[in-house]
Amino acid sequence: MQTFSVRSASGTYRIVCGGGAISRLKAVISKQTDVTGVFALSSPRVWKYCGHKITKALGSAGAAAPILFDDSESAKTLATVEKVCRALHRAGADRRSAIVAVGGGVVGDIAGFVAASYLRGVRLIHVPTTLVAQIDSSIGGKTGVNLPEGKNLVGAFYPPVAIVADPVFLQTLPGAQSRSGLYEGVKYVNIGDSKSFAYLEVNMAKVLRRDPRALEWLMLHSIRAKAAIVSKDERESGLRQVLNFGHTFGHALETAGNYRRHLHGEAIAWGMLVATLIALATNRINSIQAERIARLVMSVGRLPSIEGIRPVKLLALMRGDKKSHAGRIRWVLPVGIGRVEWGIEIPDQLVIEAIREAPEVARLARGAR
Ligand SMILES: NC(=O)c1ccc[n+]([C@@H]2O[C@H](COP(=O)([O-])OP(=O)(O)OC[C@H]3O[C@@H](n4cnc5c(N)ncnc54)[C@H](O)[C@@H]3O)[C@@H](O)[C@H]2O)c1
Ligand SMILES: [Zn+2]
């Protein structure tokens, strides 16, 4: 078990993570002063798998019944936020209550926004139960919901007071969800260092078997990386952009497939391949390095195809992304093994060629294993 600290504009919070972390939940809450009530927010599905562990860990602190809501992406809406706020009010939650968000990124984003807005802010503790939530969405304070016009368009920066991330919850995660999270883990070694990259190359098979030690290594490595990055740049004015490796293209691909064709992790896997091909074409990396990156990405599993989606459509979507500036796309590109640079502009034609080449490169990288 380890503890990492994250600095945010509203103070420093701790991430207790690793095997057995959940047993510290009650102690983490009791460090907070004057908590009048603890309210678990979760979904029926997550609670079915994880509820008994949470109830046990909270002990007498968790006397209130959990407030459960649908955690499908289509329910990540203001209507759900209103429903949950009203349920909190009926249950007697006051300003000194604490919310414990138990679930994946959807639960965390909704519960986080509820915590930010209910009575103008109550304390929030994240207990993430997917790999994506543990290594990404629970850290950094971004909360929010979707509008019919687009994803995550309404929200707030609202850091939790603590995060408790235990890999025990990952054992019940469906295979595709688990792999989707692993691509984020692959992202962290790419923006980290060459030693971690090499470690994951050797140990990917163990991670895929959910070997507890290998999984915990990836989890701790990723959490440490995200905690360090958002501590330096909470509002994404600079360094935090490296976390977007694979995401420039990935977000466009998710939108093009109406969020049904590719899971988030699968879309960013394609994004990492495209970024690698652009880096190769612009001599930022050599072909041996490009092959290592492509092989590591593809070692997680087969990806749903991108065939039939026109590269020009993807370019247009990238230009419209809320992270592009005045329609200019800023790429995060590998410049070595475990190293990236950010804020790079690339001519459209080069991007289109990289998108066209990506399926063949994916096939070769998978075959070369
Ligand atoms: N706030 C941020 O910084 C940030 C970062 C990345 C992603 N996100 C958001 O996170 C969401 C995706 O999150 P996700 O990938 O965690 O998926 P998710 O929350 O949709 O969960 C995936 C599925 O797994 C189920 N599940 C969760 N934990 C489980 C467990 N332990 N055992 C069995 N089933 C379990 C859920 O009920 C759901 O059906 C997206 O809405 C995305 O926008 C936010
Ligand atoms: Zn992501």
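Predicted model: local features only at pLDDT ≥ 70, side-chain atom pairs only at ≥ 80, totals over all residues.
The domain assignment divides the protein into domain 1, covering residues 2–172, and domain 2, covering residues 175–367. Taken over C-alpha atoms, the centres of domain 1 and domain 2 are separated by 27 Å. In the contact between them, domain 1 takes part with 24 residues and domain 2 with 25 residues. On the side of domain 1 that touches domain 2, at least two residues each come from β1 (2–8), β2 (11–17) and α5 (131–137). By class, this side of domain 1 consists of 12 nonpolar, 9 polar and 3 charged residues.

Ligand 1 is surrounded by 28 residues. The closest of these are Gly-104, Gly-105, Thr-130, Val-132 and Ser-137. Two or more residues of the shell are given by each of α2 (44–58), α4 (105–117) and α5. The shell around ligand 1 divides into 9 nonpolar, 12 polar and 7 charged residues.

Helix α6 (residues 175–190) packs against helix α7 (residues 194–208) at an angle of about 160°, and their axes are 9 Å apart. Because angles over 145 degrees count as roughly antiparallel, α6 is roughly antiparallel to α7. The crossing of these two helices, α6 and α7, is right-handed. On the α6 side the contact is made by Leu-182, Val-189 and Asn-190, and on the α7 side by Ser-196, Phe-197, Leu-200 and Val-207. The contact of α6 with α7 comprises 5 nonpolar and 2 polar residues, with no charged residues.

Helix α7 also packs against helix α8 (residues 212–232), where the axes come within 9 Å and cross at roughly 140°. The axes of α7 and α8 are therefore oblique to each other. The crossing of α7 and α8 is left-handed, whereas that of α6 and α7 is right-handed. From α7, the contact with α8 is made by Ser-196, Leu-200, Asn-203, Lys-206 and Val-207. Its partners from α8 are Ala-214, Leu-215, Leu-218 and His-221. By class, the contact of α7 with α8 has 5 nonpolar, 3 polar and 1 charged residues. Ser-196, Leu-200 and Val-207 of α7 take part in the contact with α6 and also in the contact with α8.

Methods: Residues numbered from 1 in each chain as written. Chains lettered and ligands numbered in written order. Domains from an automatic or database assignment. Contact = placed C-beta atoms within 7 Å. Helix = DSSP H or I, 4+ residues; strand = E, 2+ residues; numbered from the N terminus. Nonpolar A, V, L, I, M, F, W, Y, C, P; charged D, E, K, R; others polar. Near = placed C-beta within 6 Å. Axes fitted to C-alpha atoms, helices over the stretch in contact; angles between N-to-C directions. Parallel < 35°, antiparallel > 145°, perpendicular 65-115°, else oblique. Left-handed = near helix turned anticlockwise from the far one by under 90°.
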